[in-house]
Amino acid sequence: MSDDTLRLRMEIRPANLRRLIEDMFDGNTGAFADKIGRPRSNIYGILRKTEGDRRGIGEALARDIERILKLDHGELDRPPGAYVNADTRRLDDIERALITKFRQLTPANRNVIRALLESLPVADESASSTQPNGTPSSHPRRRFS
């Protein structure tokens, strides 16, 4: 096995898998394992931090994960930092940074941010609502759920 193949199996794919589990499964490794139909112990073995104990992600498993989760072919093979999850593919750097920060917040702080966002006007909807002072607004409020 070449050094590049070994690095891909043992470093790049597991690092991308960690981010994928965080992004798509809120960090729930068990839910991820269940979704792809693999024993949880196998996934925990891949994600283990200790190099001697860690299992790699081979070609077949990488492609299975991408197929089951409807990811682009080769998405797990991208170099560190190049992984982009399905939710952020069309976002600019600022939007991506906001999502990353939001995901790092506690549930209580996420609720604060949701409430704040719900109180803000939305620029791209019709002018059918009014401002708190009763005047028409060209920016109606949006509800997040």
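This is a predicted model: local features need pLDDT of at least 70, side-chain atom pairs count only at pLDDT 80 or more; totals for chains, interfaces and linings use all residues.
**Isoleucine 65.** I started at isoleucine 65 and listed its contacts, leaving out residues up to four places away in sequence: Leu17, Phe32, Ile36 and Leu76. Contact here means heavy atoms within 4.5 Å. Residues are numbered from 1 along each chain as its sequence is written, and side-chain values use heavy atoms, with hydrogens and water left out.

**The core.** Next I looked up the largest nonpolar core, which has 17 residues; Leu17, Leu20, Phe32, Ile43 and Ile65 touch the most other members. The elements giving two or more residues to this core are helix H1 (3-25), H2, helix H3 (40-47) and helix H4 (59-68). H1 provides the largest share, four residues. For the record, a nonpolar core is a set of buried Ala, Val, Leu, Ile, Met, Phe, Trp, Tyr and Cys residues joined through side-chain atoms within 4.5 Å. Buried means under 20% relative accessible area, exposed over 50%, and partly exposed in between (1.4 Å probe, protein chains only). Helices (H or I, at least four residues) and strands (E, at least two) are DSSP runs, numbered from the N terminus.

**Aromatic rings.** How many aromatic pairs are there? I found one. Phenylalanine 25 and phenylalanine 32 are the partners, edge-to-face, with 5.6 Å centre to centre and 75° between the planes. The rule takes rings of Phe, Tyr and Trp (its six-membered ring) with centres within 6.5 Å; planes under 30 degrees apart are stacked, over 60 edge-to-face, the rest tilted. Phenylalanine 32 counts as buried because its relative accessible area is 0%, and phenylalanine 25 is buried at 16%.

**Lysine 35.** I then moved to lysine 35 in helix H2 (residues 29-36). Beyond residues up to four places away in sequence, lysine 35 touches Phe25, Ile68 and Leu69.

**Salt bridges.** The count came to 11 salt bridges, each a side-chain nitrogen of Lys or Arg within 4 Å of a carboxyl oxygen of Asp or Glu. I picked out a few.

- Arginine 63 meets aspartate 77, with the closest N and O atoms 3.0 Å apart. This pair links distant parts of the chain, 14 residues apart: arginine 63 is in helix H4, aspartate 77 in the loop between H4 and helix H5 (93-104). Is arginine 63 buried or exposed? Arginine 63 is buried, because its relative accessibility is 14%, whereas aspartate 77 is partly exposed at 23%.
- Aspartate 34 and arginine 40 join at 2.7 Å, N to O. Aspartate 34 is partly exposed at 48%, and arginine 40 is partly exposed at 41%.
- Arginine 67 pairs with aspartate 64 at 3.5 Å between the closest N and O atoms. Both lie in helix H4, three residues apart, about one turn of the helix. Arginine 67 is exposed at 55%, while aspartate 64 is partly exposed at 25%.

I also noted a network of salt bridges linking Arg13, Glu59, Arg63, Glu66 and Asp77.

**Surface patch.** Last stop: Val112, Ile113, Leu116, Leu117 and Leu120 make a nonpolar surface patch, together about 390 Å² of accessible area. Areas come from the Shrake-Rupley method with a 1.4 Å probe, and for residues only the protein chains shown count as cover. Patch residues have over 30% relative accessible area and no salt bridge; like charges are joined within 9 Å, nonpolar side chains (Val, Leu, Ile, Met, Phe, Trp, Tyr) within 5 Å. Leucine 120 sits in the loop between helix H6 (107-119) and strand E1 (129-130), and I logged leucine 120 as partly exposed at 38% relative accessibility.
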